[in-house]
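Let's take a walk through this one chain by chain, and then look at where the chains meet.

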Amino acid sequence: MTQALGSLPDSTSTPSMNLLQHTKALQPQASDWPGVSLATSHDEHAQQRVLILDNTVDPTILKDHLNGVDRIDLHFPKFTDGRAYSQAVMLRRRCGFTGDIRATGDVLVDQIVQMKRTGFTSAVLRDDQNAQHAQKPLTQFVGFYQGDALESPLFARH
Amino acid sequence: MYQYTPFDRQFVHLRAQQFRDQLVRHLSGQLSDEEFRPLRLQNGWYVQRYAPMLRVAVPYGELSSKQLRALATIARKYDKPEPTLFEAAQHTQNQIDAQSLVKHHPNPVRAPSLTQGYAHFTTRQNVQYNWIALSDAADVMDLLASVDMHGIQTSGNCIRNITSDELAGVAPDEIADPRPFGEILRQWSTLHPEFAFLPRKFKIAISGAKEDRAATAWHDVGLFLERNGAGELGFKVLVGGGMGRTPITGVVIREFLPWSQIINYLEAVVRVYNRWGRRDNIYKARIKILVKAERVKFTQEVEEEFTRITVDDGGPHTVPESELERVSRCFVAPALGQPVLVEDSAKLLTLQADPAYQRWLQQNVAQHKNPSLRAVTLSFKRLGQAPGDATPEQLERSADLVERYSSGEARVTHSQNLLLPWVHEESLPALYLEAKALGLAQGNIGLLSDMIACPGGDYCALANARSIPLAAHISERYQDLDELEDLGPIDLHISGCINSCGHHHSGHIGILGVDKDGQEWYQVTLGGSDGSDLSGVPTPGRVVGPSFSVHEVLDVIEAVLAHYVKHRQHKETFIDALKRIGFDSFKEVANHARLAPLVSVA
């Protein structure tokens, strides 16, 4: 298992997206916030403090509580449910969270670009997904029009 | 019209390439139907009743003659089903009539045969095809990209192609040209990573004139360009309009928004919708349901989010003056060609005396910002072809006219016609004669036979009933232009199902296809308005009663119109008479036209 931290929103380099095929199950515990649970991830490198958010949670309520959090897992119950994209944007843009944001659940290779652009830095692909298929879309477009968690809008880059 | 930058051009080519990769994976079994579905939808590819359907994006309706020719090529080359598929489809369609309870009617409604090899103009100013094989889909997208076109976000639960006034940039009553803002929003919404999987589709319309010609209030977001007391330009923002099974017009949530804040504000609207819009019930997933249920809270939350975007986030999408100028420059009025004159003076005199020409001048020719120019509508509402359908030849010959008479620019209109926005006033006689030779000069724009109709149960998988046979039946009955002119401006809108692609809710006379025990029936509504000056405050029409058989619909229309003619006051339009006399009186007349229960004898 590789370290999942990608580059941060204010970075000028294009961050990589860490695609994971399998991960160890976490043992989450309830927190003071509804829809938010806590866990510790043990991988070969280190222990990580992980927050796990339901996709109904407004992540900005956690703004002042993200110190020491290494990773936040955002969930896609169905790949067509796009709420976690907004959560990731809020965590990056408004909460200033610089740790790993991980996509879990119904995570398909064809949505990886959206995930990366909204601020995700790692994604646990659904079992049947072929990570090879995600590589091309990640670099296919040379740029996008609107600003996202990584870049400013095209008109501001002129 | 908008001129693509190298970035725009590369972008649509890359998008076509991305779609090809996805299609190849799908066709080789590596991408399931379910997972491919939103990907193809967000490129405009549906799977319909018999074949895929492609919806090509025409941002705010603008097309160049070159693009018209490419659309013709696609129709000719790719809108070609396998003969066995086409025959089987026709056979299935024939069964609808064969099994119809009303087939023994003395004057049966004959359904036109299915057609192939044509393009269809839609109410949202886009272009559709009904028979392109999925295996050709990537080639078609490449062809579109070669003329700066695409199908991006013409479907799917995302921000759809943006529509506007067909007279944008040329209307005398314009406050500001909405197209640069449409383009700025098109760019912002294109492949927006956060808003690619919203609870449901999201449609935006922009109007920049005093009269609303874009059915603006009927959209998820409706934007009216206005000037405030200080003369500054901004938007009145409406949210929560939509048709479907819950027709509602949008409510104003911002009286005046400075234009530079438009993206920041819409980001707030869509983010709040993405969070709170219902995902448990597809029929309650549009933003209109959220706004209806929680209007005050919704508005509050949007305003709060807008403040956070502009203050906390620093307003990353505040549009600088320089960007508006850059985009506006792409919409500079084209160089005008020389007027085309009818040299033969005898011919010209005869023409001037021709009532059909005079009627065309009155109905199909609109005033222009530039007093020496006119905007001319080619009518795609004629006997023998479905409303808004165009053959490759008609598209190519229209492209010729567009080049010679309108500086190479045309517009797809909300009412499914093609408008030429840059025509010299002196060119009108010559243009009329040429349009007439093409069969596109019926002087019926705005009249009853200029009806809006969706493709309906001939092609659409969602339809409960067919629209095209009914439209053909009505066109056949109402051919007499004298009669049509006497009846005056009437919006007749036909939808084959409650999804309302034919905008039946906003028709003065609306017709909705419904399914009762596997049979086609039609619900009739009266008094709907799209928000134009003619139609008044936007509102859904009211249902006159239980649905009618296909034979009765025409009788109902005739009865309602006869009632109008009998009771109208001097020069009073149908919709005004309906409002004055009252819905109930027309409702009664409509229900009188019901046939004796012929159904039981079948």
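What follows starts with some ground rules, then goes through each chain and the contact between them.

This is a predicted model, so to speak of local features we want a pLDDT of at least 70, and side-chain atom pairs count only at pLDDT 80 or more, while totals for chains, interfaces and linings use all residues. Residues are numbered from 1 along each chain as its sequence is written, and chains are lettered from A, with ligands numbered from 1, in the order in which they are written.

Start with chain A. Its secondary structure comes to four helices and seven strands (DSSP runs numbered from the N terminus: H or I over at least four residues for helices, E over at least two for strands). Along the sequence, the pattern reads β-β-β-β-β-α-β-α-β-α-α. Of the 158 residues in chain A, 41% are buried, where buried means that 20 or more other C-beta atoms lie within 10 Å of the residue's own, exposed means 12 or fewer, and partly exposed is in between, with C-beta atoms placed from the backbone.

How confident is the predictor here? The average pLDDT of chain A is 89, and 90% of the residues score at least 70; pLDDT is the predictor's confidence in each residue, from 0 to 100. Residues 1-13 of chain A are another matter, as pLDDT stays under 50 there. Where pLDDT is low, the predicted coordinates should not be read in detail.

Now for chain B, with 19 helices and 20 strands. Its radius of gyration is 24 Å, close to the 25 Å that the globule rule gives for 602 residues, so chain B is as compact as a globular protein of that length. (The radius is taken over C-alpha atoms, and the rule is 2.2 Å times the number of residues to the power 0.38.) The C-alpha trace of chain B spans about 70 × 60 × 50 Å along its principal axes, and 55% of the 602 residues count as buried.

Finally, the meeting point: 32 residues of chain B are in contact with 29 residues of chain A, contact meaning C-beta atoms, placed from the backbone, within 7 Å. On the chain B side, the elements giving two or more residues include α1 (6-27), α7 (262-276) and α9 (295-312). The largest share, eight residues, comes from α1(B). Helix α9 of chain B also holds B:Glu303, which counts as partly exposed because it has 15 C-beta neighbours inside 10 Å.

Notes:
Contact = placed C-beta atoms within 7 Å.
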